[in-house]
Amino acid sequence: MNSKFCLTLIGLLLAGAVFAQQAPDETPKNWFNLDPAVNGVPGISVERMYRELLKDRTPQVTIVAVLDSGVDFEHEDLKEVMWVNQGEIPDNGIDDDKNGYIDDIHGWNFIGNPDGTNVEADNLEMTRLYVIYRDKYKDRDRADLSKEEQEEYDQYKEWDTLMEEKRAAALPDMELYGNINKFLQALHEAIGKEPEEVTEKDIVKIQRGSKDQMLVQAASIMLDLIGQGNTYAESLEGISQMAESAYVDYNYYYNPEYDPRDIVGDNYEDPNERFYGNSDIIGNDPLHGTHVAGIIGAQRKNGIGMDGVADNVRIMGVRMLPPHGDERDKDIANAIYYAVDNGASVINMSFGKGASPYKDVVDKAMKYAVDNDVVIVHAAGNDAKKNEFGNNYPNDRFDDQGWFKPSAVKTWIEVGAIGPKYGKDMVAGFSNYSSEIVDVFAPGEEIYATAPGNKYKFLQGTSMAAPVVSGVAAVLRSYFPELSAKQIKDIIESAVVKENDMVYLPGTDTLVNFADLCTSGGTLNAYKAAQIAAGVKGKRQAKHMKKYIPKPAKEKVAFP
């Protein structure tokens with residue numbers, strides 16, 4: 001890399017974003033579990049709830065299904081709270097419990113094949129639909145089409161332009177940040193320390209003492225990044241993320257020639273096919289799902305890491321979300337069926353997309369979950385937009401409605417995100433919102449939780465807010481098992497702390513009333529939810545209160 005190019009890179013970096021990954025020193029790592037009145041942060045009062053309301057109650061174990069990118073079930077803070085399929089003998093290649101899935105000890109993976117190969121990345125749903133429309137309309141004249149076909153044709157043309165624009169923009173970024181990342185990774189290898197242990201002196205030593213000009217220039221870039229207020233670890237990770245983002249945009253998200261579905265080996269044209277995949281619930285990149293699982297139920301009071309919200313939970317990992325790209329409707333539906341059939345009474349869904357070509361298949365699975373008294377918690381999304389039923393999927397509105405059919409998923413909770421401080425910036429700037437669709441807001445910024453390899457990490461997103469709500473739903477299912485899923489939804493939404501302050505509308509500098517951003521008008525509070533639950537007569541039917549017992553195997557595996 002010549003010096004002129006190096007200066008260009010530095011200039012671009014100085015004009016770029018700050019890669020904040022760590023919570024400010026004044027924000028407690030466990031702020032989401034703390035109490036607003038006692039601790040001065042908009043947490044959900046988990047510790048107070050256990051201390052004052054639940055200490056004399058005997059809970060039941062509750063299974064929560066994490067439909068996500070994968071869960072590191074060997075993590076030190078998760079291994080004791082993972083769901084174990086008692087009807088299955090590990091690694092014997094036999095479907096011992098006859099549920100259609102072989103060796104599903106801790107859950108199932110719908111984006112892999114029996115040989116153990118998994119999908120690492122997929123398209124956006126928009127790209128997949130574009131390919132369908134392109135194949136249908138690329139050689140046709142719009143004037144010869146019906147009105148319905150003309151609408152599809154216009155959408156195809158719009159996406160065709162967008163696809164070209166996105167890939168054209170991603171290509172230089174991929175090359176630029178890819179090069180920067182390569183140089184910084186070489187610098188890191190030369191320093192030879194863990195990212196958190198690297199000091200400015202270590203970088204200066206390379207800058208002044210190395211004969212390798214690439215390392216010298218990389219050190220200069222790193223010092224400039226640190227000069228912007230980033231730590232070494234934040235800068236290293238931030239550049240890596242930017243390089244990966246551009247690479248993913250160009251090669252996967254907006255690449256109509258890329259289709260990884262052959263890896264799975266299912267008949268993708270059959271949306272009702274149920275039995276495919278493998279038992280690998282860790283997968284290629286389980287960061288997202290592992291973080292979500294920790295928020296829900298990382299082992300409490302074990303003296304390590306962090307404490308999840310729920311204390312009598314078993315985490316079932318169900319992989320259906322690729323590390324990069326949009327989930328597929330068929331996999332969503334099958335993940336829901338698997339979770340319900342194997343005893344989950346809460347399902348966490350921290351994912352979403354802008355289109356749903358097989359929504360009827362997903363709706364059918366949702367109805368199945370409702371019929372089996374399951375609470376479904378869904379992240380509202382991170383686009384700083386108003387959610388509508390036509391721009392965010394999955395959602396709780398059934399397409400197939402009629403006089404005697406339900407119009408919505410009555411056990412669904414849609415969750416937006418807040419940060420750790422009160423004031424105008426309380427609502428996360430990335431969070432989606434809607435006074436009709438988003439039900440409640442919960443902590444989703446600066447959330448410290450489990451990461452793969454016995455690590456812990458700060459992440460943010462409505463993906464982090466949803467499992468906070470799922471954790472509370474699991475607590476209510478554990479300590480008040482007579483309550484139905486619909487009652488739990490209603491309690492959670494009625495127990496919010498009403499927020500009447502003016503806050504910034506996400507993505508803008510416009511002030512709006514917090515209460516206008518969700519149906520409940522407030523933020524999640526576990527203490528109030530437990531308080532209300534204690535005075536409510538349960539409506540859960542007896543058939544739903546039976547403890548899930550899988551078919552027996554000849555040999556048992558240990559249940560934590």
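Author: Start with a definition. On a 1 Å grid over the protein atoms alone, a cavity is a set of points where a 1.4 Å probe fits but cannot get out. Grid points are joined across faces, edges and corners, and a volume is the space filled by probe spheres set on the points. Lining residues have an atom within 4 Å of a point.

Reader: What kind of model is this, and how are residues numbered?

Author: The model is predicted: local features need pLDDT of at least 70, side-chain atom pairs count only at pLDDT 80 or more, and totals for chains, interfaces and linings use all residues. Numbering runs from 1 along each chain as its sequence is written, and side-chain values use heavy atoms, with hydrogens and water left out.

Reader: How many cavities of 30 Å³ or more does the structure hold?

Author: One. The largest cavity has about 30 Å³ of space.

Reader: Which residues line the largest cavity?

Author: The lining is Ile111, Val119, Asp122, Arg261, Met320, Pro322, Asp326, Glu327, Arg328 and Asp331. By class, four are nonpolar, none polar and six charged. The classes go like this: Ala, Val, Leu, Ile, Met, Phe, Trp, Tyr, Cys and Pro are nonpolar; Asp, Glu, Lys and Arg are charged; the others, Gly among them, are polar.

Reader: What describes two packed helices?

Author: The angle between their axes and the distance between the axes. Axes are lines fitted to C-alpha atoms, for helices over the stretch in contact, and angles run from 0 to 180 degrees between N-to-C directions. Helices (H or I, at least four residues) and strands (E, at least two) are DSSP runs, numbered from the N terminus. Take helix H5 (residues 147–191) and helix H8 (residues 232–253). They pack at about 145°, with axes 7 Å apart. The contact of H5 with H8 has 15 nonpolar, six polar and three charged residues.

Reader: Is Ala417 buried or exposed?

Author: Buried means under 20% relative accessible area, exposed over 50%, and partly exposed in between (1.4 Å probe, protein chains only). Ala417 counts as buried because its relative accessible area is 0%. Its place is strand E6 (residues 412–418).

Reader: What does Ala417 touch?

Author: Contact means heavy atoms within 4.5 Å. Leaving out residues up to four places away in sequence, the partners of Ala417 include Val427, Phe430, Phe441 and Ala465.

Reader: Where is Ile295 found?

Author: Ile295 sits in helix H9 (residues 287–297). At 0% relative accessible area, Ile295 is buried too. Its contacts beyond four places in sequence include Phe32, Met306, Ile447 and Val468. Asn85 is 210 residues from Ile295 along the chain, and their C-alpha atoms are 22 Å apart.

Reader: Is Lys385 buried or partly exposed?

Author: Partly exposed, because its relative accessibility is 22%. Lys385 lies in the loop between E5 and E6. Not counting residues up to four places away in sequence, Lys385 touches Asn391, Ser431, Asn432 and Tyr433.

Note on methods:
1 Å grid on protein atoms, 1.4 Å probe; cavity = no way out; pocket = protein on both sides within 12 Å on 5 of 7 lines; lining within 4 Å.
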